[in-house]
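Student: I would like to learn how to read the features of a model like this one. Please take them one at a time.

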Amino acid sequence: MKSGSSQEAMMSGEEAPTLQPEQEKQTDEEPPPAASEAPQQSGSSSPAAAEEKPLSIRALVLTGYGGYDKVKLQVKTQKQQLAAGEVLVRVKACGLNFAELMGKQGLYELLPPPPVTLGMEGSGVIEAVGEDVKDRKVGDRVIMLIRSGMYQEVVVVAAGNTFPMPEQMSFEEGAALPVNYLTAYLMLFESANLKPGKSVLVHMAAGGVGVAVTQLCQTVPDVTVFGTASASKHEIISQGGVTHPIDYRTKDYVEEVRKISPNGVDIVLDPLGGSDTQKGFSLLKPLGMLIVFGAANCVTGQKKNLLAMAKTWYNQLSLSMLKLMQTNKGVCGFHLGYIPDEQLIIRTMGKLLELYSQGKIKPRIDSCYHFEEATDAMKRMHERQNIGKVILLPEAKKEEVVPKSNPEPVENVEKTEAAANEKKEETTEEVKAEG
C-alpha cells in the first residue's frame, strides 16, 4: 500500500473504491455486454471509451441481514472510471471468510450496511491502470485486500491494495492467502512473540486460519501445536503439522491438553469467545498469552441468534489487573480490520509471499464454488465441513445460461445503497443463485 489513502479505503469501514454506475438502466433493446467480456485497455483508463461500452458485471450482494437468501447474485451495469492511483482488476478467485457469515447476520461491525457487495480478498489480472500508477501494469497477476466489494467479476482498487503474485501461485491460492495468513502471522509473531520450544493451542484447526497457524508454527523449531477439530479431520491436520489433534465434539479439550502437558500451553488462539475464552486463560502457563480474535460461538444458525449472543457475552472472560499480575498471564485481542499500520501489512505480506516462494507455507484449498453456488459455500463453512479455504469463483458455470432479464421486479440497488453509503452500484438484473 503506497499511501495513506489506500489504507484508509481498506480500513476506514467504508467500501473500497468501486466502478461508478451508469445513470440509466439498459433496456431490453440494448442489452449490456456479456459479463465475461473484458474492457479493451492498453495500459491506462479511458473514460470516454468506457462510456461507449459500459461493463456488465456479476456480483454477490448482501441485500439485508438474515439467512442465505439475503445474499443474491446480481448484475450491475457500470461505466469504467479510474481515479489516479487506481487499477481495474478482472477477479479470478475470492476468499470466503467467517467474517462474511457474521456480516450476513449483522454481526460484523466493519461491513457497511446492506445492500453491499461482500468480499475482502481476492486475486486477478490487472486490465487497466489509472494515472500515477508506476509499479503495476496491465497483465500483472495480483492479490487484493480491501474492506468489502471483492465478490464481483471486475473491481477497482487502489494500486497500494494489490500485491504481485509469485509466478507459481494459483489464483485460488492467491485468494486464500491475505486474511488468514496475515491474521495467523501477526498473532503468532507480533502479539505472542512465538519462539522455539513453545506450545500453541488453536481452535478450528482445520479452518483457514488454523491451517495458516499450523504451517507458520512449523517455521519455528520445536513448536508443539494442539488443535481442536472434529475427529474426521484429524488425519489431515496431523499430516499438516498439528502435533496433538483433539476432538472437541466428544472430549473436553482442557482435560486432553492437561493429559499431555500438565502445565498447560504458552499460547492460546481463540476465535470462539464466551466460555472457551475462560478455558483458554485457565490453560495458559505463567508468562503465557491468550489472543482472542473472534466470536464464532455467536453464530449458531442462519440468522442472528440473540440467545447465543447473550450466552457468549455472559460467559465472556472478566479479569482484573490484579488477577493478571498474580497469574503472570497476558490477554490481548486481534482484529485485522482495525490494524492502522499500512506498512506493517505491506511488510507482513512480503514475508508471507517469500515463505510461499520458499515452499514453507502453502494455502490449502478445501473447495471452489461459483458465485451461483454461494449458498452451498457458506453452508459448508458454517457447518464446519471445510478443511482449509473455501474459494468463490466469479466466472459463470459453463452449463449456466444467464437470462437477459428477470421477470420478477428487481430492487434498485443504486437508490438504496446510495442512501446507505452515498456511492453504491445500480443493479439492472438479478441472476437466481442456487440454494
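Tutor: Start with Val-116, which counts as buried at 0% relative accessibility. Buried means under 20% relative accessible area, exposed over 50%, and partly exposed in between, with a 1.4 Å probe and protein chains only. The model is predicted, so to speak of a local feature requires pLDDT of at least 70 and side-chain atom pairs count only at pLDDT 80 or more, while totals for chains, interfaces and linings use all residues. Residues are numbered from 1 along each chain as its sequence is written, and side-chain values use heavy atoms, with hydrogens and water left out.

Student: In which strand is Val-116?

Tutor: Helices (H or I, at least four residues) and strands (E, at least two) are DSSP runs, numbered from the N terminus. Val-116 is in strand E5, residues 116-117.

Student: How many residues does the largest nonpolar core have?

Tutor: A nonpolar core is a set of buried Ala, Val, Leu, Ile, Met, Phe, Trp, Tyr and Cys residues joined through side-chain atoms within 4.5 Å. Here the largest one has 88 residues, and Tyr-151, Val-200, Val-213, Leu-269 and Ile-345 have the most contacts inside it. Helix H5 (residues 178-191) gives the most to this core, namely eight residues. Domain 1 (55-176) and domain 2 (178-353) both give residues to this core, so it lies between them; the domain bounds come from an automatic or database domain assignment. Apart from this core lies another, of 14 residues, including Ile-246, Leu-284, Val-292 and Leu-324.

Student: What is Val-213 in contact with?

Tutor: Contact means heavy atoms within 4.5 Å. Leaving aside neighbours within four places in sequence, Val-213 is in contact with Ala-184, Leu-188, Val-200, Val-202 and Leu-269.

Student: Which residues of helix H8 are buried?

Tutor: In H8 (residues 253-260) they are Tyr-253, Val-254, Glu-256 and Val-257. The arc to read is that of the directions from the helix axis to the C-beta atoms. These residues cover an arc of only 165° around the axis, which puts them on the same side of H8. Their cover includes strands E10 (199-202), E11 (224-228), E12 (244-246) and E13 (265-270), and helix H9 (275-283).

Student: Which residues of H9 are buried?

Tutor: Asp-276, Thr-277, Gly-280, Phe-281 and Leu-283 are the buried residues of H9. They cover an arc of only 160° around the axis, which puts them on the same side of H9. Among the elements that cover them are H8, strand E14 (284-292) and H11.

Student: Which backbone oxygen does the side chain of Thr-348 reach?

Tutor: A polar contact is a pair of N or O atoms within 3.5 Å; within protein, one must be able to donate a hydrogen and the other to accept it, and residues adjacent in sequence count only if both atoms are side-chain atoms. Thr-348 lies in helix H12 (residues 342-357), and its side chain reaches the backbone oxygen of Leu-344 at 2.7 Å. Thr-348 is buried, with a relative accessible area of 1%. In helix H11 (residues 321-327), the side chain of Thr-327 reaches the backbone oxygen of Lys-323 at 2.8 Å.

Student: How many disulfides does the rule count?

Tutor: A disulfide is a pair of cysteine sulfur atoms within 2.5 Å. By this rule the count is zero. Cys-94 counts as buried at 0% relative accessibility, and Cys-217 counts as buried at 1%.
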